[in-house]
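This briefing accompanies the sequence and the 3D structure shown below. Please read it with the structure open.

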Amino acid sequence: MTEVVDTPTAFGRPIRRKEDAKLLHGRTNWTDNIQLPGTLHMAMVRSPMAHARIAKVDVTAALARPGVIAAYSAADLGELNSGVPCVWPVSGDDTVMPPFPALATDKVRHVGDVVAVVLATSAAAAEDAIESVDVEYEALPAVVGMLDALSPGSALVHDQATNNTCYVYDLGGGYDEAAAKADVIVKRRFVNQRLIPSFMEPRAVVAAPMGMSDEMTIWTSTQIPHVLRVLLTLVTGIPEQNLRVVAPDVGGGFGGKLQIYREEILALQLARKLGRPVKWTETRSENMVATHHGRDQIQDIELAATKDGTFLGLKVTLLANMGAYLGIITPGTPLLGMFMFPGIYKMDAYQFRCTGVFTNTTQTDAYRGAGRPEATFAIERIVDELAAELGIEPMELRRRNWITHEEFPYTTVAGLTYDTGNYEAATAKALDMFGYDELRAEQKRRREAGDPVQLGIGISTFTEMCGLAPSRTLGALKYAAGGWEHCTIRLLPTGKAELVTGTSPHGQGHETAWSQIASSIIGIPVEDIDVVHGDTGRAPYGMDTYGSRSLAVGGQAIKKAADRLVENARLIAAHQLECAPEDLEFVEGTFKVKGDPEKATPIQAVAWAAFSAHNLPDGVEPMISGAATVDPEDFSYPHGTHLAAMEVDTETGKVRLRKYVCVDDVGIQVNPMIVEGQVHGGVAQGVGQALYEGAEYDPDGNLLTASLADYLIPSAADLPTFETGTTVTPSTTHSLGTKGVGEAGAIASTPAIINGIVDALRPLGVTDVLMPASPQNVWRAIQAAKGGAA
């Protein structure tokens, strides 16, 4: 096996991302930049009502508008009105899987549901024409909250169902026996509010027939070009070999582009029908109601313990809002967290139940972390509540219950086996960076002085499962796809390399990090490696990017492909140097004869020798390449300790994040600069959930936070400088020792912030604050604790 070397331009170095120059200077290709001759622009007629029968859809007047070429209702489209598929029926046949048509047929089920589509020669003409589509609705009662949706006699989102339950999923057991032995049981209800993915680039799609053939190409701002190709083939009937899916430069995803959307289906179907390119670019207002939402859980949590704080058992009862329809993995998203509710802690029993609920709201699906932030929030919040109940310092309570570094590998009560970790080391480093003791002393002084602005310290010691794989595990969970990843590396005649990956980046820095891995093995400079991604025509094999899987899974495929490339080159180099292949050593890009270092040849020269083919060994083909498909043996398990110092004005409810420190262990780091960037972005997103963001509906199902004027997102000015650090415990189940980092900050930061706010207010009797912890929500919590009007 070829060794990974740490060279000045390769593995482990914080080199600048080589893709950034083109992105920052606009020398790039977003989907909306794609201009094809004869393009028709598509606009959607969206329902203003959350629940109504469709009495009439008449597109006649729209067809008479200037520039309009075509307009369709569901009836007009007929068989081309394909449905949006869901690939994760978590409880098999017991999962209610209602139809999700591209154009609504009988009813609309949420504000933003699509009832008609208009195509015109310009985007402006199409937008103007949708005003002329005549739609008549017969209003129906809407159900928005999950508790209301499950109440007897509530309106049904789907008529063919007997209630609004999508599924019930159970895991584990034995909690009652554990609770019977407990000295204390802490029960809390936590709410993980609904969030809206707010990526820099809204969704966009261009679909076009290619010449006189039956081939179609679709360019789309997606995280999953390979998965999307398969699903589009299944729902449209276009043969897979005739369909090319391209994800150009994608401006953020956060799970919101891990989806097959109705707009992609419609653009493809209509381009094929009309024989012309069809283009659609989402407006920000459309984004708020049409892109799937995230989170939205009600969590009833019980933690049973002895009086010395030893955890005995955990009971988790979830309600998970599906929205009106099921997207690609809507039912499974909350279940991605079911194995993580025990977190880093030891206990004897764990009982989990999740009920999926239909409501007249936009469907939910994966959002950065996808189930694991919700799980981490619940366990870290309930640990703080138990600490307060027992009068034990919250960090000390964690120490008494976490898995120690000597105990790895450790099989948790939820059934996962964590391969490595060192929670003690990460926590010790974080406490030192944070000045924990000094801040506790300051907190004590301010409490004794009756300062109206109180200081709270929030703790989150977490782990997560990353690298969505292996395929057999996913299959056992009834997920339709696998978790493998592919890479092909070709050494070109001039000594450069082309690395073809099945991952599909949207801001993560893959072009740089993947080049660093390959460079360290092949021995050619990072700048001489071109990374090809996001195009099923050029990179036909892959399972794409989500769930912090790109490095944890795709990185292993790169290493294996690079190893194979070197071994293929070794045969030619040995022939050139007139020795046996096993007599060669390969060091920093050069083959050398053992014992005779003057007799050597660089791999670039071997590449030219292969191309010229003048002097090759018998039976060796004139090319140097390596290909590999890797299906990991297990998930990877990064972890860390995040600490937040929160100042809370007890008179106004205003909150200030004064200091934030995090120490993450993501295993071996390919590029520490990229790791730090991922942590910063994740923490900012988690802080956004804790303090700013929240999708809110009125009782009639109207989205009240339907623009960025109402749906608040933190800016750089709202955040302090994050102080980051790392520890390293390499993964033993992944060949590079890496673990994954893309979601760590978003998973750990939210409970740290809320724990800090509650810690500041606990002397006033506050035990929880609803997210986002706006001044209003904080003030209400204070008033409720005082027994006043909230």
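What follows is a set of notes, grouped by topic, on domains, backbone geometry, cysteines and selected residues.

The model is predicted. The domain assignment divides the protein chain into domain 1 (20–26 + 484–630), domain 2 (34–140 + 200–252 + 257–290) and domain 3 (294–468 + 634–786). Between domain 2 and domain 3 about 2300 Å² of area is buried. A search of the whole structure finds zero disulfides.

**Interface of domain 2 and domain 3**

- The C-alpha centres of domain 2 and domain 3 are 37 Å apart, and 30 residues of domain 2 contact 27 residues of domain 3.
- The size of an interface is often given as the accessible area lost when the parts come together.
- For domain 2 and domain 3 this area is about 2300 Å², and carbon and sulfur atoms give 69% of it.
- Trp88, Phe100 and Met288 together supply 26% of the area that domain 2 buries against domain 3, which is more than any other three residues.
- Six residue pairs are in polar contact between domain 2 and domain 3, counting pairs with both residues at pLDDT 80 or more.
- On the side of domain 2 that touches domain 3, the elements giving two or more residues are helix 7 (225–236) and helix 9 (284–290).
- Helix 9 gives the largest share of that side of domain 2, with four residues.

**Backbone geometry**

- Most residues other than glycine have a negative phi, and most peptide bonds are trans.
- The peptide bond joining Phe408 and Pro409 is cis, with omega about -5°.
- Pro409 is in the loop between helix 11 (394–401) and strand 16 (410–411).
- A cis peptide bond also runs from Ala469 to Pro470, where omega is near 0°.
- Pro470 is placed in the loop between strand 18 (453–463) and helix 14 (471–476).
- Asp296 is not a glycine, yet its phi is positive, at about 65°.
- Asp296 belongs to strand 13 (residues 294–305), and its relative accessible area of 13% makes Asp296 buried.
- Asp544, a residue other than glycine, has a positive phi near 80°.
- The position of Asp544 is in the loop between strand 21 (529–532) and helix 16 (550–577), where Asp544 is buried with a relative accessible area of 0%.

**Cysteines**

- A disulfide is a covalent bond between the sulfur atoms of two cysteines.
- Which cysteine holds the sulfur closest to that of Cys86? That cysteine is Cys166, and because the two sulfurs are 7.6 Å apart, they are too far from each other for a bond.
- Cys86 is buried, at a relative accessible area of 18%.
- Cys487 is buried as well, at a relative accessible area of 0%.

**Selected residues**

- Arg440 is part of helix 13 (residues 436–449).
- Is Arg440 buried or exposed? Arg440 is buried, because its relative accessible area is 17% and the cut-off for buried is under 20%.
- Not counting residues up to four places away in sequence, Arg440 touches Glu393, Pro394, Ile457, Ile459 and Asp759.
- Val144 sits in the loop between strand 6 (134–139) and helix 5 (146–149) and is buried, with a relative accessible area of 16%.
- Beyond its neighbours within four places in sequence, Val144 has contacts that include Asn321, Thr359, Thr361 and Tyr697.
- Asp698, Pro699, Asp700 and Gly701 are also among the contacts of Val144.
- Val144 and Glu647 are separated by 503 residues in sequence and by 34 Å in space, C-alpha to C-alpha.
- Ser520 is located in helix 15 (residues 510–522) and is buried, with a relative accessible area of 2%.
- What does the side chain of Ser520 reach at 2.9 Å? It reaches the backbone oxygen of Gln516.

Conventions:
Residues are numbered from 1 along each chain as its sequence is written. This is a predicted model: local features need pLDDT of at least 70, side-chain atom pairs count only at pLDDT 80 or more; totals for chains, interfaces and linings use all residues. Side-chain values use heavy atoms; hydrogens and water are left out. Buried means under 20% relative accessible area, exposed over 50%, partly exposed in between (1.4 Å probe, protein chains only). Contact means heavy atoms within 4.5 Å. A disulfide is a pair of cysteine sulfur atoms within 2.5 Å. Domain bounds come from an automatic or database domain assignment. Buried area is the accessible area (1.4 Å probe) that two parts lose on being put together, summed over both. A polar contact is a pair of N or O atoms within 3.5 Å; within protein, one must be able to donate a hydrogen and the other to accept it, and residues adjacent in sequence count only if both atoms are side-chain atoms.
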